[in-house]
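Dear colleague,

I am handing over the structure below, and my notes on it follow. Please read them with the coordinates open beside you.

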Amino acid sequence: IMDIGAAGLIYPNIIAKAFPHKKIIAQDLAYPPVAKHIGNNIIQLGGSAASLPLPDESVDFITFHCSFEHFERNADIDCLKEVERIIRPGGSIIIIPLHTSSRHTVLINPITGPFIDDDFMEQVMEPELNEKEACWRATTGFVSRFARLYSAKTFQSRLLTKVNRLK
């Protein structure tokens with residue numbers, strides 16, 4: 001079982017208690033890039049979710065708990081391509097919650113985004129502005145600097161058309 005974007009390990013710890021005999025992989029970009037055993041059945045794995053050091057078709061169950069909406073630029077697309085590679089045939093992928101909107105929406109937190117990170121405008125905002133159908137909103141209602149709310153149309157065109165086995 002793998003949780004991608006595990007950050008503070010809250011959800012992996014819940015999974016580990018529910019499934020004490022399963023190996024739990026807690027992955028996050030912020031973790032050190034070396035796999036580290038951190039609990040009875042939890043392995044912390046750092047680095048990009050778009051390039052995981054795992055064998056093909058090696059994971060039965062993948063969750064994105066409160067993380068998928070924060071994948072900036074094309075990280076959501078690249079991650080799903082990698083998930084397609086590592087998920088076993090018949091495996092399950094759950095995005096909880098999948099933040100949606102009737103219109104594709106990009107949320108930017110002006111407190112944790114452009115005013116803290118000098119490269120935020122160039123590295124995140126400018127590429128995201130190419131999403132012509134996106135509605136842009138500034139909000140301080142979440143901690144992260146970026147969130148994407150998918151419309152059904154955008155979820156299909158941006159993500160599902162890029163993968164084959166995950167449909």
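Is β4 mostly covered or mostly uncovered, and how many of its five residues are buried? The strand is mostly covered, with four of its five residues buried, where buried means under 20% relative accessible area, exposed means over 50%, and partly exposed lies in between (1.4 Å probe, protein chains only). Helices (H or I, at least four residues) and strands (E, at least two) are DSSP runs, numbered from the N terminus.

Before going further, please keep in mind that this is a predicted model, in which local features need pLDDT of at least 70 and side-chain atom pairs count only at pLDDT 80 or more, while totals for chains, interfaces and linings use all residues. Residues are numbered from 1 along each chain as its sequence is written, and side-chain values use heavy atoms, with hydrogens and water left out. The pLDDT, which is the predictor's confidence in each residue from 0 to 100, has a mean of 89 over the chain, and 88% of the residues reach 70 or more. Confidence is highest in β1, at 98, and lowest in helix α3 (residues 120-128), at a mean of 66.

The six-stranded sheet

β4 belongs to an open sheet of six strands, ordered β3-β4-β2-β1-β5-β6 and mixed in its pairing; two strands pair if DSSP finds at least two bridges between them. The edges are taken by β3 (36-37) and β6 (87-96), each of which has a single partner strand, so one side of each is left without a neighbour in the sheet. Helix α1 (residues 10-18) packs on this sheet, touching β1 (2-4), β2, β4, β5 (59-65) and β6, and its direction makes about 175 degrees with that of β2. Contact here means heavy atoms within 4.5 Å, while axes are lines fitted to C-alpha atoms, for helices over the stretch in contact, with angles running from 0 to 180 degrees between N-to-C directions.

On one side of β4, five bridges join it (residues 42-46) to the parallel strand β2 (residues 24-28), and Ile25 has Ile43 as its bridge partner in β4. The pairing of β3 with β4 is antiparallel, over two bridges; these two strands form a hairpin with four residues between them, and Lys36 stands opposite Gln44.

Within α1, the buried residues are Tyr11, Pro12, Ile15 and Ala16. They lie on the same side of the helix because they cover an arc of only 140 degrees around the axis, the arc being that of the directions from the helix axis to the C-beta atoms. These buried residues pack against β1, β2, β4, β5 and β6, whereas Ile10, Ile14, Lys17 and Ala18 are exposed on the other side of α1.

The cores

A nonpolar core is a set of buried Ala, Val, Leu, Ile, Met, Phe, Trp, Tyr and Cys residues joined through side-chain atoms within 4.5 Å. The largest holds 24 residues, of which Met2, Ile4, Ile62, Phe64 and Phe68 touch the most other members. Two or more residues each come from β1, β5, α2 (75-86), β6 and α4 (152-159), and α2 gives the most, with five residues. Apart from this core lies another, of 10 residues, among them Leu9, Ile15, Ala26 and Tyr31.

Four bridges join β7 to β9 in the antiparallel sense, and Thr105 stands opposite Leu149 in β9.

In α4, the buried residues are Thr154, Phe155, Arg158 and Leu159; they line one face of the helix, because they fall within an arc of 100 degrees seen down its axis. They pack against α2 and β9, while the face turned away from the buried side carries the exposed residues Ala152 and Lys153.

Finally, Thr100 is found in the loop between β6 and β7 (105-108) and is exposed, with a relative accessible area of 53%. Leaving aside its neighbours within four places in sequence, Thr100 is in contact with Leu149 and Tyr150.

With best regards
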